[in-house]
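This briefing is for a reader who is new to the structure. Please look over the sequence and the model first, then read the points below by topic.

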Amino acid sequence: VMAWGRGALVAVAPDLWYAEDTNGDGRADRRRVILTGFEPGNQQHRFNGFEWGLDGWVYAANGDSGGSVRAPDGAESLSIRGRDIRFHPETGEVETVSAQTQYGRRRDDWGNWFGNNNPTWLWQVAVPEHYLRRNPRLAVKRVLRVLANYDDSTRVFPTSAAQVRPNQPWSLNHVTSGCSPSPYRDDLFGGDFATSVFICEPVHNVVHREVLHRDGSVLASRRAEGEEQREFLSSTDNWFRPTTVKTGPDGALYIADMYRFVLEHPEWISPEMQARLDLRAGEDRGRIYRVVPEGRPRRGIPNLTVLHGDGLVAAMNSPSGWQRDMVQRRLLEKRDPGTYRAVALGLGLTHSPQVRVQTLATLGGLGALTSTQLVRALRDPHPWVRVEALRQSERLAGKDPEIFGAVAALVADGDSAVRFQAAFTLGAWSPELCEPVLRGLAASDGGDEWIRIAILSSLTPGSGLFRELYQETGRPRSVPILAGREPSTPDRAAVVAGYSRLGVEGADSARGRVWFEAFCATCHRFKGEGKEVGPDLAMVGGKPLDWLLVSILDPGAAVEARYRGWSITLKSGEILEGLVAAETANNVVLRMSGGVEHAVLRSDLGSMEPTTGSMMPGGFETVLSRSAMAELLRWLTTP
């Protein structure tokens, strides 16, 4: 839900609604569908997480379910598979944006976007999709950078009693329900929190904190000092289920606690276990927590609806990210030329860099940013202001030679994040102007993976520099499959039943490792060995033997969406099969057996269809004897 106009935007898959209460009875008597076609799917994987962007669009997380989205008037639908979206609530315009977030796509004060999924604390969306669209022959394997990638980064330090989960019991004390990665956007908590990102982990009843720091042209993160072996917030109550965290208008941190006994979706709980649980326990509860530092009074919350003209503009000068966003929204709604001069005062160096960034974005959205103001901002002492000025300069490309000169000068900037954005921005100018500058940047920074991608996105497919810097890798023509005979019988249930009395006591674990390396390591990691195509088998150590046997002998019995295979037929007639690891405007990234990733251009696609079963082949009983199966299971279940 996101407050909008006189009502709210509400995600109700398959629809996005605008809902408004016009008579004050607490019910939405006016309801309008803005977009439709979002895949309903599993409730924890529906589209979500509305967030205001500096560019004046509302962003939303995909939720991992995708869909073919369109306005309700019958307009052409847009596939959002593998990507998040941004939209204009008033017009119904919608676009895909880079990366696919499970729950809660969020932005910091500088325009950096973040997301995550259940087993991943945090990532930065490093490559915006609208830049990739400019060069349809550019295929990239990744558009995001996973943060929190230090040693043992997945560890969680709960204070609640350990509980056996109905699903994934092996993930105890490791992140397994990461969601709502939210940068802190205020100063009430003090300078130590200026680069903090809070992340909910409801399975372990905690709110985790990562601290951002620069790592070349992109970001990295680490645990906060003093929180190396504890969490920012934890509860001894196993029903504490924090699912959303945000910075409030008063500078406090607000946490929505779902407060449920069972957090797991029933889809992942066996019928036998469901029969023993009250899956709705806690549905009449739930709460919101407000977290504040001791001894620091909260800021008063202004009523921005009563502010107009210069009074509204003055409210932009605030440490509150919430307040600046709301002021920007109101200014873009009103579009009052009488306020533009006052808005521009926010570019002055007496204002904080956060205010200067949001002022630039607001003037750009109003179409009121002048060349003089922009050139001055391109020389601002703060790097993130220069980055936003580069973004805004794209609106004025080709209109003032002085602007291009100021933009081109930033390829030699001392800050690599500025050079990274300059590489993207230069593509807004003609090839004759930008290519010589990009060639120089490639010579100095071409070894940086991210800057290299940015340079390539700014070049035309026919550019000589593009051909020099970019070569499409060879494409595997087939995918290795399990060596051996076809399965002895199509009746998987009978095969599994035949192993019902298999035990592993006394089985040789060392020989089990040999079987793992021979038959599993091409697609699974375990104890530091193997390739990551399917799930990491370190997560199966606590599973019962019958579960493991079904997974091995009947892999198609239950396939999680992210591990479902896809069959791609190219226009050349070649057929490729694998998992879709990522998607961009120009390409899909197919992860194949052995962990090999291949970026396939959409222009080369003939068709793309999901496979009916698991990518993992059946028939292991034909190549592993009962004793060998016992040895493999012993290796997989040995700590």
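Helices (H or I, at least four residues) and strands (E, at least two) are DSSP runs, numbered from the N terminus. This is a predicted model, in which local features need pLDDT of at least 70, side-chain atom pairs count only at pLDDT 80 or more, and totals for chains, interfaces and linings use all residues. Residues are numbered from 1 along each chain as its sequence is written, and side-chain values use heavy atoms, with hydrogens and water left out.

**Backbone exceptions**

- Most residues other than glycine have a negative phi, and most peptide bonds are trans.
- Tyrosine 259, in the loop between β21 (253–257) and α2 (271–274), has a positive phi near 50° although it is not glycine.
- Tyrosine 259 counts as buried because its relative accessibility is 9%; buried means under 20% relative accessible area, exposed over 50%, and partly exposed in between (1.4 Å probe, protein chains only).
- Arginine 335 also has a positive phi near 50°, and its place is the loop between α4 (321–334) and α5 (340–344).
- With a relative accessible area of 42%, arginine 335 is partly exposed.
- The peptide bond joining alanine 13 and proline 14 is cis, with omega about 15°.
- Proline 14 sits in the loop between β2 (7–12) and β3.

**An open sheet**

- Two strands pair if DSSP finds at least two bridges between them.
- Six strands form an open sheet in the order β1-β2-β3-β4-β7-β8, and the pairing is antiparallel.
- β1 (2–4) and β8 (78–79) are the edge strands; each has a single partner strand, so one side of each has no neighbour in the sheet.
- β1 and β2 run antiparallel and are joined by 3 bridges, with tryptophan 4 having glycine 7 in β2 as its bridge partner.
- Between β3 (residues 15–20) and β4 (residues 30–38) there are 6 bridges in the antiparallel sense, and tyrosine 18 stands opposite arginine 32 in β4.
- β4 is also joined to β7 (residues 67–70), antiparallel, by 2 bridges; here threonine 36 stands opposite arginine 70 in β7.
- In a regular strand the side chains alternate between the two faces of the sheet.

**Nonpolar cores**

- A nonpolar core is a set of buried Ala, Val, Leu, Ile, Met, Phe, Trp, Tyr and Cys residues joined through side-chain atoms within 4.5 Å.
- The largest core has 101 residues, and those with the most contacts inside it are Leu9, Leu16, Phe38, Phe50, Phe87 and Ile455.
- Contact means heavy atoms within 4.5 Å.
- Leaving out residues up to four places away in sequence, phenylalanine 38 touches Ala13, Pro14, Asp15, Leu16, Phe47, Gly66, Val69, Ile80 and Ile85.

**Helices**

- The axes of α6 (residues 353–366) and α8 (residues 383–393) come within 9 Å and cross at roughly 5°; axes are lines fitted to C-alpha atoms, for helices over the stretch in contact, and angles run from 0 to 180 degrees between N-to-C directions.
- That makes α6 roughly parallel to α8, as angles under 35 degrees count as roughly parallel, over 145 as roughly antiparallel, 65 to 115 as roughly perpendicular and the rest as oblique.
- Among the residues making this contact are Val357 and Leu360 of α6 and Val385 and Ala389 of α8.
- Helix α12 (residues 449–457) has 7 of its 9 residues buried, so it is largely enclosed by the rest of the structure.
- The buried residues of α12 are Trp450, Ile451, Ile453, Ala454, Ile455, Leu456 and Ser457, and what covers them includes α1 (129–132), β14 (144–146) and α11 (431–445).
- Valine 407 belongs to helix α9 (residues 401–409) and counts as buried at 0% relative accessibility.
- Apart from neighbours within four places in sequence, valine 407 is in contact with Leu378, Leu390, Ser393, Thr425, Leu426 and Trp429.

**Cysteines**

- The structure has 0 disulfides, a disulfide being a pair of cysteine sulfur atoms within 2.5 Å.
- The nearest cysteine sulfur to that of cysteine 179 is in cysteine 200, 4.9 Å away, which is too far for a bond.
- Cysteine 179 is buried at 6% relative accessibility, and cysteine 200 is buried at 0%.
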